[in-house]
Amino acid sequence: MPHRIEIKLKSGYNDANGARTASEIQSYLGYRVDGVKVVDVYTIDAELDAQSLSSLAAELCDPVIQEWAVDSPMASEFDWLVEVAFRPGVTDNVGRTATESARMVLTDAFGKENAIYTSRQYLIKGELDRNSVEDIATGLLCNTLIQRHRIAFKDEFNWDGGMSVEVPKVTETATPEAKAISLEISDEELVQLSREMTLALSLEEMKVIQAYYRRDDVQALRNEKGLPKAPTDVEIEVFAQTWSEHCKHKIFSANIDYRDGENSEQISSLYKSYIQKTTKEVRTLLGDEDYCLSVFKDNAGVWKFTDDWNVVFKVETHNSPSALDPYGGALTGIVGVNRDPHGTGKGSSLFCNTNVFCLADPFYKGELPPRLLHPRRVMEGVREGVEHGGNKSGIPTVNGSLVFDERFLGKPLVFCGTGGIMPAEINGEPSHEKLAYPGDRVIMVGGRIGKDGIHGATFSSEELHEGSPATAVQIGDPITQKRMTDFLLRARDEGLMTCLTDNGAGGLSSSIGEMAEGPGGARIDLAHAPLKYQGLQPWEIFISEAQERMTAAVSPEKLDRFKFLAEEMGVEATDLGEYTAGPWLELFYDGQPVAVFDMDFLHNGLPKMNLNAIWEAPEDAPVTLPAREDLTDDLNAMLGRLDICSKEYWVRQYDHEVQGGSVVKPLCGAEHDGPSDAAVVRPILELMKGVAVSHGICPRYSDIDAYHMSACAVDEAMRNLVCVGANPDKVAALDNFCWCDPVKSSGTPDGEYKLAQLVRSAKALKDVCVAYRMPLVSGKDSMKNDYSIGDTKISIPPTLLVTAVGELDDVSLAVTMDAKKAGDLVYLVGDTFNDMGKSQYLDMIGVDGGCVPKLRNPENTIQTYRWLHRAIKGKLVASCHDLSDGGLAVAAAETAFSGNLGMRLDLRNVKGDVPRDEIALFSETPGRLLVTVAPSSKEAFEVVMGDVATCIGQINEETRLRITGLEGDTIIDSDISRLKGSWQKTLRFSEGPNE
Amino acid sequence: MSKARAIVLAGNGINCEKETAYACRLAGADDVDIVYLWDLAAGEASLDGYQLVCCPGGFLDGDDLGSARASAIRLRHTQINGQSLLEQFSTHAKQGGLVLGICNGFQLMIKLGLLPALDNQLGVPQATLTWNNSGRFEDRWVALKADPESPCIFTKGVEYMELPVRHGEGQIVAPEETMIQIRQRHQGPLMYIDPNTGAATEEYPLNPNGTRFGIAALTDTTGRLFGLMPHPEAFLHRTNHPRWTRETLPEEGAGLQIFTNAINYIKENM
């Protein structure tokens, strides 16, 4: 019989979690409650005597402040009780740890078949009706997709004598077998099959598979290998995974007919033409100085940091899962991207995380379309997901941002990045190379396989629809992964593996599929795979994306040591089969063949798509700026805008300095709350050489021209790095495209335009990266960021995130953005133009039109950055801040209040084309920076910078920002504490989002 | 002078072993070994021969049952040669060894009852570390002062120090009389202070978790067992400080003194 152990705080102690929940109920949902208390419930699925249960309860409980009860309710003094538990099969990390603890305490009395499941009771005091409590339960306490809840009014609870015992155990009885699925069906039936199985394969692709199985040589092989004529479900599922947009990047590989007015151009593969070629051209330009080591072939890009160390970096997106369960989606996003650099080359250790979120307004008041969560909930969920994923893994979250647009209601964008570092050589071999050999064992390491994460790759290759599978959602388990990465680094250093890769999208099918390309093939028995629970079908085992797993290749003579070390370190390592010389990938279940793949057809059999792109150039829309009453109020309002305001609330909840190498933190300045432009960390504590990390993102500009959106994003990433003192001549970049579906169809009639936006974006990426000599080392695209249910379709604005990673030879030359001393001179670097299109300012005052911000001459801009870098290395720069959202006025206010100093500026000295004060203040022309310089460095600074830097003002003790307009009158005059207050109040720390 | 040997524990969710080991080396330790808890549990390594045991920060067992609780269960129930790992720690302490617990390592020590060990009651939990009053994890720098009358050898000579805290469960909680005893017996050697007044504070955010009397650390009666919530190993170089680009600071970070005090004590007394 199962039992319940309940634990609550002794009276007299503050229930911080309860208090936080109470305040969230009030601030998020608007219900008044008199208090919330929390009871933790452990459901023990084991036959145990009273003595054992008591000793277990005593261990689970904190004897100083908590008390426990076995099979007797602890809840009291409440009006409503909500109990939230996980649905069967959902990762329950606390339950897993409690199970391990029970085995320590009770040894053999708590067997392998026994388990502990957790749930939590919220005891709510307050005058609420059942509907309101239901609303609180589903709107805050519980995500019904992965959790279930029970509600009890105090009288019901007392009548029933507490809550009944429920064990959320998976009880699947299906016998595992591979089923043959005939493809000898009509075209309509093929389409229907694809949709029903969540294959996300088009009719054309289904027909390619159909034709493959009609081939005589294929049938002869199947006969020889003992497989049925028709493909098995394992085979069809693996084709769907391997050929998914998510894994195969079909749109980036397509043949595109691009038309721009009269001109037309044939592009065969955007990826080859604009991504790969960018890097190739840059590497040629760099010549002997080329620092790239491994680009676009492994899980992450690798380049040289010093003679002894290599840096590894990867940025991923996790948009679709985060739409359904923001916490789990973001958590698996971060622990998932951690495995990429970890599994690159022979393996790296991880030294930083980044995250960028694109979300809808958390104060959104409109109707929510079906299946969408409120943006506030998405925001808090993804924040907490990255908090748990990053903090628990011991990787500092050093850089990121939040971008808001109402269209991200349809799908939030969750970008997660990770940097790793590895010795240049490991056991005498280059660390960035790896290869499995025929005869090596195929070893799965880490977590177990469940139904969680099934169809993640195909699901993210579709729009969010009514039938989107809930199994695609999962919760990460940072501690299991941490144990695994500790173990694998130790195994790496002992030389126990020949090859290592991550199990991400597509699970074993993609990790084994990729690794088998080296030796030629593999033979796998899926029945050996360790499962979370019984009842998984062979195809589910092979494609499950259950987290925290890597696949290693281990030569047979090293297998014993590998397995011994794994077991000692609490890590499961399972032998699934062997790599072979190929040319087949053969799968068995308990000795019976269930699938055979021709490796060449699996990887190269997919025909290219042929797509059309038609660019419609935006019409010139000159903008007439209305006369404004008070630009001081405008500036304060600008500072409070979601895209601009302080994100301290988020940043504080991420550990941004674990590992001890923090140099420039996300927050800087006199009161540790100014917005840093980029992060600087020392990954190797013995060295003063540092890595700098930044990003650029500006999706709004896509509404005018995605070319300039991209160009500005690339420049912003580079500019942010230059601000902190990174060398602009040694920067590697990563590109992450997140697009709405650009393939024309009945559901996407404007696909040709969206594809043209993509083409233009890719062109700009190449143009600017080549001009900046900045190689692309890794990237990813996510192409189906649309929501479509019923009549509602929401497509995200086309978005390119550029992550730039640079270095400082000596971190003690790093610069931060806060004004340093009264008397310092203020310089504006770069010219200002009338680039008000899609600017924060026009959006705020509700005026359309204007020119999109343009990077007019990238060759000149990079030269400016080189000069500025020379000035920084010469210690001539006191502070440096990037001008982006909100332009000069926002950058000036931030510089002043972060330094707790006043500033005077005169707009008459601003160079470029600035016919109006508002344009000088708020234009978002790229390539500009605000620099402060000590008077003693004035001359030297001006010599280095020439005429690209213009002195426009001075820092003072007044604690006011005063700006003289073009007419010579004071147009902005505000106390810096008011400016800072405006900037901080929108998303204020500790209270959550405020109105 | 004896050779100073430090063991820095790692694995199962410990995250700060590298910088903690680096701090020990900078402080002058002759040997510093990073040892996985798994190797201790398998009997392949032990605390024998080390004078300083460091329990670094992290999330032991993910802090799933509350900070460090699951690992405290492991240490109490893992037997090596008829002795539990907790007893190995107690023996080390009784024989004059030093133990330093930082953040999650401090949480482990308090849950094992190694701190505050009032009346030398090692292994009896007398206080605990639980959720910050905000209910949230936070990374922020705090100002600290040391209690000059504390027996703690790690904080000797420390007057003022700024360090980062990075925790969600950093509030020291105990029955009122225990808290008063801790203060009266000077077993709370570091306090969160308001840098403007120099006075210990319970005010958020100067005191990030709300601990009574502003206490940020605990020591036992001998001063050789020490646990603190702030991270001294995160401030070993001036560029770690959040205002280093605007202030003149010594090259060496202030956090190093905690480690130098320990290593110097070992070299002079053991």
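Hi everyone. Let me start with one cut-off: a disulfide here is a pair of cysteine sulfur atoms within 2.5 Å. Please keep in mind that this is a predicted model.

A:Cys645 itself is buried, at 2% relative accessible area. A:Cys769 is in no disulfide either, with the sulfur of A:Cys292, its nearest, 11 Å away. A:Cys769 is buried too, at 0% relative accessibility.

Next, the aromatics. Searching the whole structure gives 23 aromatic pairs over all chains. In one of them, A:Tyr212 and A:Tyr213 have ring centres 5.2 Å apart and planes at 90 degrees, so we call that pair edge-to-face. Both tyrosines are buried, A:Tyr212 at 5% and A:Tyr213 at 6%. They also belong to an aromatic cluster with A:Phe239, A:Trp243, A:Phe597 and A:Phe601.

Another pair is A:Phe737 with A:Trp739: the centres are 5.9 Å apart and the planes sit at 55 degrees, so this one is tilted. A:Phe737 is buried at 1%, and A:Trp739 is buried at 0%.

Last, a helix contact. How do α22(A) and α31(A) lie relative to each other? They pack at about 40 degrees, with axes 7 Å apart, and are therefore oblique. On the α22(A) side, the contact residues include A:Leu635 and A:Leu639, and they meet residues of α31(A) including A:Leu979 and A:Trp983. The contact as a whole has four nonpolar, three polar and two charged residues.

Thanks, everyone!

Key
Residues are numbered from 1 along each chain as its sequence is written. Chains are lettered from A and ligands numbered from 1 in the order in which they are written. This is a predicted model: local features need pLDDT of at least 70, side-chain atom pairs count only at pLDDT 80 or more; totals for chains, interfaces and linings use all residues. Side-chain values use heavy atoms; hydrogens and water are left out. Buried means under 20% relative accessible area, exposed over 50%, partly exposed in between (1.4 Å probe, protein chains only). Axes are lines fitted to C-alpha atoms, for helices over the stretch in contact, and angles run from 0 to 180 degrees between N-to-C directions. Helices (H or I, at least four residues) and strands (E, at least two) are DSSP runs, numbered from the N terminus. Angles under 35 degrees count as roughly parallel, over 145 as roughly antiparallel, 65 to 115 as roughly perpendicular and the rest as oblique. Contact means heavy atoms within 4.5 Å. Ala, Val, Leu, Ile, Met, Phe, Trp, Tyr, Cys and Pro count as nonpolar, Asp, Glu, Lys and Arg as charged, and the others, Gly among them, as polar. Rings of Phe, Tyr and Trp (its six-membered ring) pair if their centres lie within 6.5 Å; planes under 30 degrees apart count as stacked, over 60 as edge-to-face and the rest as tilted.
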